[in-house]
Amino acid sequence: MDTMRERFASVVSRLLDDDPRLAVVLAEIGKDGFTDAARAHPDRVINVGIREQLLIGVGGGLALTGMRPILHTFASFLVERPFEQVKLDFGHQGVGGVLVSAAGSYDWPAGGYTHMAPGDVALLDTLDGWTVHVPGHPDEAETLLRAAAAAGDDSVYVRLSAHSNSAPRDIAPGRFLTVREGRRGVVIAVGPMLDGVLTAVEGLDVTVLYATTVRPFDEPALRAAIGGLGDVVLVEPYLAGTSTAAVNDALADRPHRVLGLGIPRRELRRYGTIDEHLAGQGLDPLALRERISAFLR
C-alpha cells in the first residue's frame with residue numbers, strides 16, 4: 001500500500017493535467033514527488049525553498065489571480081510557523097486554497113518537536129470558514145484531495161499522516177460514517193484512530209462514528225446517533241479536546257457528557273515509533289478501552 005503522501009503526489013500531478021486553474025506550491029519538502037509534474041507544468045509547480053512564510057504568501061497571491069493553489073509541507077511548517085500569513089494572505093484577503101500537510105502530531109519524532117504539530121487543527125479553529133479533512137487511509141486521502149481541489153474558492157486543510165487504518169471506508173466528504181451502533185454512548189473516531197477505537201470498544205454497547213471531515217462538524221450525524229441524551233467520547237489524533245466545543249454546540253439542547261481524548265497539552269520530548277507514541281499518550285487500544293469504559297460507567 002502506498003502512503004498518503006505518495007497518493008497526494010500522484011493524484012495532484014494528474015489533477016494538474018486536467019485543471020489549468022490548479023497550481024502546486026512547495027517549500028522543498030515533497031518536491032521529489034512532483035518531478036514529472038514540474039517538467040510538464042513548470043509554471044504551475046513552484047518550489048520556494050525553505051521559506052514557509054513565502055510559501056503561504058505565494059499561494060495567497062496565486063489565489064488573488066483566480067488560481068486554485070495547493071500548498072504542501074510538514075504541518076508544523078504549514079500551519080504553525082507561517083500562521084500570520086495564513087490568517088492574512090488567505091483569510092483577510094478573502095481568498096481560498098488547499099493546505100496539505102504531512103508529519104501530523106508525531107509522524108517523524110526523530111525530527112524533534114520542530115517537526116511535530118499536535119495543535120494544528122486547534123490553531124485553524126481560531127480562523128473563520130476552514131474545512132478540515134483528516135483521512136485515515138490513502139484511498140480516503142485521494143477522495144478528500146479531489147474534493148478539496150474542486151471546492152471552488154473555499155479554504156481547505158487536508159491533514160495527511162503516516163499513521164493509517166488497515167482498510168479504507170466508504171466515506172463522503174463532510175459526513176460522519178456510522179461504523180457500528182450501540183446504546184450506551186457514542187465514540188467519534190477521527191481519521192487514523194478508527195482501527196484502535198474499534199479494537200478498544202469490542203464488546204462494548206456503543207455507537208462508533210467515523211469522522212474524516214471534522215470542520216464543518218457533522219452535527220446532524222451526532223444528534224441522530226445520540227438520541228435524547230447520552231455520552232460522547234472524542235478520539236482525535238491531535239490535541240485532546242480540539243472538537244469538544246463542536247460536540248457541545250451540536251448538543252446544546254440535550255443533556256450530555258463529553259470526554260475528549262487526544263494528544264495531551266504537555267510538550268512532546270521523546271523519540272519513538274508511532275505505536276510507541278500512541279501508547280505514551282494513552283491512545284493505544286488497551287488504554288482507550290480503560291478510559292472509555294471508565295467514562296461510560
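Contact here means heavy atoms within 4.5 Å, and the views below are taken from a predicted model.

View 1. Once the neighbours within four places in sequence are set aside, the residues in contact with E52 are F77, R81 and P82. With R81 the side chain of E52 also makes a polar contact, side chain to side chain, at 3.2 Å.

**View 2. The aromatic pair of F8 and F34.** The structure holds 5 aromatic pairs, and in the one shown here the ring centres of F8 and F34 are 5.5 Å apart with the planes at 70°, so the arrangement is edge-to-face. Because F8 lies in helix α1 (residues 4-18) and F34 in the loop between β1 (22-26) and α2 (35-40), the pair ties together parts that are 26 residues apart in sequence. F8 is buried, with a relative accessible area of 1%, and F34 likewise counts as buried at 1% relative accessibility.

**View 3. The aromatic pair of F176 and F217.** The ring centres of F176 and F217 lie 5.1 Å apart and their planes stand at 90°, so this pair is edge-to-face. It links distant parts of the chain, 41 residues apart, with F176 in the loop between β6 (155-159) and β7 (177-180) and F217 in the loop between β10 (213-215) and α9 (219-226). Both F176 and F217 are buried.

**View 4. The charged end of R257 over the ring of F295.** The charged end of R257 sits 4.1 Å from the centre of the F295 ring.

Note on methods
Residues are numbered from 1 along each chain as its sequence is written. This is a predicted model: local features need pLDDT of at least 70, side-chain atom pairs count only at pLDDT 80 or more; totals for chains, interfaces and linings use all residues. Side-chain values use heavy atoms; hydrogens and water are left out. A polar contact is a pair of N or O atoms within 3.5 Å; within protein, one must be able to donate a hydrogen and the other to accept it, and residues adjacent in sequence count only if both atoms are side-chain atoms. Rings of Phe, Tyr and Trp (its six-membered ring) pair if their centres lie within 6.5 Å; planes under 30 degrees apart count as stacked, over 60 as edge-to-face and the rest as tilted. Helices (H or I, at least four residues) and strands (E, at least two) are DSSP runs, numbered from the N terminus. Buried means under 20% relative accessible area, exposed over 50%, partly exposed in between (1.4 Å probe, protein chains only). A charge sits over a ring if NZ of Lys or CZ of Arg is within 6 Å of the ring centre and within 35 degrees of the ring normal.
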